[in-house]
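Subject: Structure for you to look at

Hello,

Please find the structure below, with the sequence. My notes on what was found follow it.

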Amino acid sequence: MSETAEAAGQGDTRPCSLAGLVRYFLWLGATGFGGPIALVGFMQRDLVERRRWFGPDEYREGLALAQLAPGPLAAQLAMYMGWARGGPFGAAVVGLAFVVPSFVMVLALAIVYVRFDGLAWMQGAFYGIGAAVIAIIARSALKLTRLTLARDGLLWALFAVAAVVTAWTESEVVWVFVGSGLLAMLVRAGPAWAPRSAAGLAVAPSVLASVPAPAGILWRIGWYFAEAGSFVFGSGLAIVPFLHGGVVKDFGWLSERQFLDAVAVAMITPGPVVITVGFIGFLVAGPAGAVVAALATFLPCYLLTVLPAPHFRRWSRAGP
């Protein structure tokens with residue numbers, strides 16, 4: 001087991017190999033339906049409660065970092081768990097294991113979609129699956145709330161304020177997340193808190209492969225989806241309005257119907273909802289566009305997990 005894992009101090013946990021974790025996330029990426037909250041709930045159930053590969057405290061640390069950083073929630077939590085057992089390499093292979101199955105499915109659907117000029121059954125399937133998805137999300141959200149907030153009055157108060165602001169503004173206000181974290185830190189640590197040095201984060205805009213599609217459009221896709229992965233808080237679902245504003249209104253890459261179909265594809269396939277970027281990228285620039293869109297979205301997610309993870313773990317376990 002890695003030094004990082006040994007330092008976890010999680011009590012009654014079982015040994016967990018990186019290979020076993022990769023196999024689990026391959027399975028979850030290929031079978032996990034329900035969106036980010038449901039996927040996070042599955043991880044809690046399988047890795048904390050059933051297999052006991054992670055303790056509740058370590059799971060909460062990963063969840064807190066995934067919630068604090070921008071990007072898709074479930075993918076970042078998966079990468080954090082990979083980092084906890086295998087460092088940056090572990091985060092990379094676990095992240096790939098989680099994302100690749102759904103990317104392959106979405107790519108296959110995109111090829112069929114273009115070949116047959118749209119799939120009318122797709123939105124029908126989306127609406128049919130919607131009721132079951134909502135039930136899964138509701139159950140997972142309830143369990144997640146119990147695990148994260150427990151009986152902590154301060155956390156419940158912050159939860160209530162954030163819920164009211166989010167419902168009122170109909171958007172994720174970054175200062176609410178940052179302010180809640182700072183307030184909780186100050187209350188818990190008190191006047192003994194002092195700033196500690198932290199490494200700055202630099203997010204690469206995109207990584208482009210050598211592909212035959214027009215370089216100009218690929219750079220544009222890469223830059224745009226890197227922004228989406230770097231600056232959208234909340235979860236994979238929170239990225240949908242951001243993408244709509246760009247790919248439909250600003251760039252005109254997709255029609256309203258095509259965008260709805262892209263969202264439907266993400267909901268009727270397992271894995272992270274944000275994988276819809278692969279479908280969108282394919283419609284805009286073929287297979288190269290799909291690869292560039294996915295890499296550009298998930299690379300910032302990876303960096304914003306592995307770079308702050310050691311500091312976040314140290315700070316979260318430091319006493320007042």
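A charge counts as sitting over a ring if NZ of Lys or CZ of Arg is within 6 Å of the ring centre and within 35 degrees of the ring normal. Arginine 85 meets this with phenylalanine 54, lying over the face of the ring at 4.2 Å from its centre. Arginine 51 is placed over the face of tryptophan 53, and here the distance from the ring centre is 5.1 Å. Please keep in mind that this is a predicted model.

Overall fold

The chain has 13 helices and zero strands. Of the 320 residues in the chain, 48% are buried.

Aromatic pairs

A pair of aromatic rings is described by the distance of the centres and the angle of the planes. There are nine aromatic pairs in the structure. One of them joins tyrosine 24 and phenylalanine 25, with 5.0 Å from centre to centre and 80° between the planes. This pair is edge-to-face because its angle is over 60 degrees. Tyrosine 24 has a relative accessible area of 2%, so this residue is buried. Phenylalanine 25 is at 0% relative accessibility and therefore also counts as buried.

Another edge-to-face pair is made by tyrosine 113 and phenylalanine 279, with centres 5.2 Å apart and planes at 75°. Where in the chain do tyrosine 113 and phenylalanine 279 lie? Tyrosine 113 belongs to helix 5 (residues 73-115) and phenylalanine 279 to helix 12 (residues 276-306), so the pair links distant parts of the chain, 166 residues apart. Both tyrosine 113 and phenylalanine 279 are buried.

Ring pairs also connect Tyr24, Phe25, Trp27 and Phe98 into a cluster.

A patch on the surface

Leu96, Val100 and Val104 make up a nonpolar patch on the surface. Together they have about 260 Å² of accessible area. Valine 104, one of the three, is part of helix 5.

A threonine in a loop

Threonine 269 sits in the loop between helix 11 (256-268) and helix 12. Is threonine 269 buried or exposed? Its relative accessible area is 6%, and buried means under 20%, so threonine 269 is buried. The side chain of threonine 269 reaches the backbone oxygen of valine 265, at a distance of 2.7 Å.

Regards

Terms used. Residues numbered from 1 in each chain as written. Predicted model: local features only at pLDDT ≥ 70, side-chain atom pairs only at ≥ 80, totals over all residues. Heavy atoms only, no water. Phe/Tyr/Trp six-rings, centres within 6.5 Å; stacked < 30°, edge-to-face > 60°. Buried < 20%, exposed > 50% of the residue type's maximum accessible area, 1.4 Å probe, protein only. Helix = DSSP H or I, 4+ residues; strand = E, 2+ residues; numbered from the N terminus. Patch = residues over 30% accessible without salt bridge, like charges linked within 9 Å, V, L, I, M, F, W, Y side chains within 5 Å. Areas by Shrake-Rupley, 256 points an atom, 1.4 Å probe, with all protein chains shown as cover. Salt bridge = Lys/Arg side-chain N within 4 Å of Asp/Glu carboxyl O. Polar contact = N/O pair within 3.5 Å; in protein donor to acceptor, adjacent residues only side chain to side chain.
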